[in-house]
Amino acid sequence: MTSLVSSWCGFYGDLEEVWLGDVYPDNFFDHFSPTVRDSFLQINEWTRQDLDIIKQALEKYNVTVQRPVFESIDDFVDTNERLLRPPISPRDNTLVLGDHLYQLGLKYPKDPWRNALEKYKQSGSTIIEEKEGPWACVSPPCLVRFGRDIFVDYIYHKHVWGLVTEPLVELAKKFRIHISLFDGHSDCVFCPIEDKLILSTDYKKDYSVTYPGWELYWLNNNPVRDRIVKTIDSGFYDWYVPGDIQSNKSFAEHIEKFAQDWVGQSHETIFDVNLLKVNDNTIFSVGEDDELNEFLHKKGYNVETFNFRCKTFWDSGIHCLTSDIRRKGNCPNFFPDNSSGPGLNWLLDYE
């Protein structure tokens with residue numbers, strides 16, 4: 001049986017199967033106070049509606065879409081009975097390298113993706129599930145897959161580097177592992193969109209060591225942040241939701257006390273670089289940068305833009321909301337001049 005897991009690179013090969021995140025059923029919020037619950041239910045409604053549109057668009061391109069399973073609230077609370085952040089961003093914990101899927105650092109008592117994982121196991125795929133230990137210290141968004149080459153951010157992993165080196169040495173038996181400097185989730189810093197082309201924010205200013213000779217397009221705008229700053233009096237801080245929710249003090253206090261890990265730092269996120277490439281001609285985005293879209297159009301891409309209204313609450317773009325499980329094609333080599341075999345390599349590049 002052919003493995004249902006097969007993906008070497010986020011910009012190489014037509015997308016065939018993907019995970020798409022989701023929010024909790026409304027009854028998971030029944031124990032909250034009415035003022036807090038009503039805000040969560042509104043966010044849920046908007047999020048479900050927008051994700052359903054994305055799901056239908058993916059299926060239009062014959063992509064199989066997997067969603068998380070919600071059976072009981074008990075499967076999603078921590079040891080203090082606190083409701084954990086929903087599996088809205090599968091990319092945070094899931095890494096696919098060829099026919100190996102790594103599910104790393106999940107905090108849920110039960111894996112919400114267990115039904116899909118069981119199918120993959122039956123197809124012959126290798127599934128590695130690690131909640132604790134060295135592998136669980138690896139942050140999938142801080143690894144960038146380029147086929148035979150994998151670039152790993154040192155800065156984000158610095159505090160657990162002694163543990164992270166163990167899985168990296170293991171991966172270095174099959175891949176060329178390059179230790180680099182991204183300082184965070186790579187898909188909020190830059191996006192390789194095709195061979196020899198990278199889109200980048202100014203969070204990283206130099207690629208001469210990591211990707212020498214590649215064309216760079218610099219994103220000079222942050223239209224999401226600019227739009228929101230103009231619409232509210234208090235400025236734009238860690239999270240933002242349209243409408244009256246932003247002025248709900250009870251809801252804001254709940255987030256501050258019990259759900260800080262549900263939100264991010266959306267004021268510094270550039271959603272336009274957080275893209276999902278569906279095939280050689282199609283890119284999905286939840287951004288609002290018309291200049292970038294025009295550049296991609298001139299490169300031959302159709303950019304399908306989706307109105308994900310709560311992106312600045314979940315701090316998630318389309319790349320975060322998904323995880324590509326299977327793409328067409330074998331393992332590519334984007335650096336043919338590098339004749340070295342698998343190994344571990346320090347790239348002393350610039351931030």
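User: What makes β9, β10 and β11 a sheet, and in which order do they stand?

Analyst: In this predicted model, they form an open sheet of 3 strands in the order β9-β10-β11, with mixed pairing. β9 (190–194) and β11 each have a single partner strand and stand at the edges, so one side of each has no neighbour in the sheet. The twist from one strand to the next averages 25 degrees. Strands here are DSSP runs (E, at least two residues), helices are runs of H or I with at least four, and both are numbered from the N terminus.

User: How do you know that β9 and β10 pair?

Analyst: Two strands pair if DSSP finds at least two bridges between them. β9 and strand β10 (residues 197–200) have 4 bridges and run in the antiparallel sense, so they meet that definition. Phe 190 stands opposite Ser 200 in β10.

User: What should I keep in mind about the numbering and the values?

Analyst: Residues are numbered from 1 along each chain as its sequence is written, and side-chain values use heavy atoms, with hydrogens and water left out. Because the model is predicted, local features need pLDDT of at least 70 and side-chain atom pairs count only at pLDDT 80 or more, while totals for chains, interfaces and linings use all residues.

User: Why is Asp 22 called buried, and how is Glu 71 classed?

Analyst: Buried means under 20% relative accessible area, exposed over 50%, and partly exposed in between (1.4 Å probe, protein chains only). Asp 22 has 14%, so it is buried. Glu 71, at 55%, is exposed. Glu 71 forms a salt bridge with Arg 114, their closest N and O atoms being 3.0 Å apart. Arg 114, in turn, is partly exposed at 21%.

User: What joins Lys 299 to Glu 215?

Analyst: Their side chains meet in a salt bridge of 3.0 Å, N to O. Lys 299 is in the loop between α7 (290–298) and β14 (302–305) and Glu 215 in strand β11 (residues 215–218), so the pair ties together parts 84 residues apart in sequence. Lys 299 has 34% relative accessibility and counts as partly exposed.

User: Why is α1 described as roughly perpendicular to α6?

Analyst: α1 and helix α6 (residues 249–258) pack at about 80 degrees, with axes 8 Å apart. Angles under 35 degrees count as roughly parallel, over 145 as roughly antiparallel, 65 to 115 as roughly perpendicular and the rest as oblique. That makes α1 roughly perpendicular to α6. Axes are lines fitted to C-alpha atoms, for helices over the stretch in contact, and angles run from 0 to 180 degrees between N-to-C directions.

Definitions and conventions. Salt bridge = Lys/Arg side-chain N within 4 Å of Asp/Glu carboxyl O.
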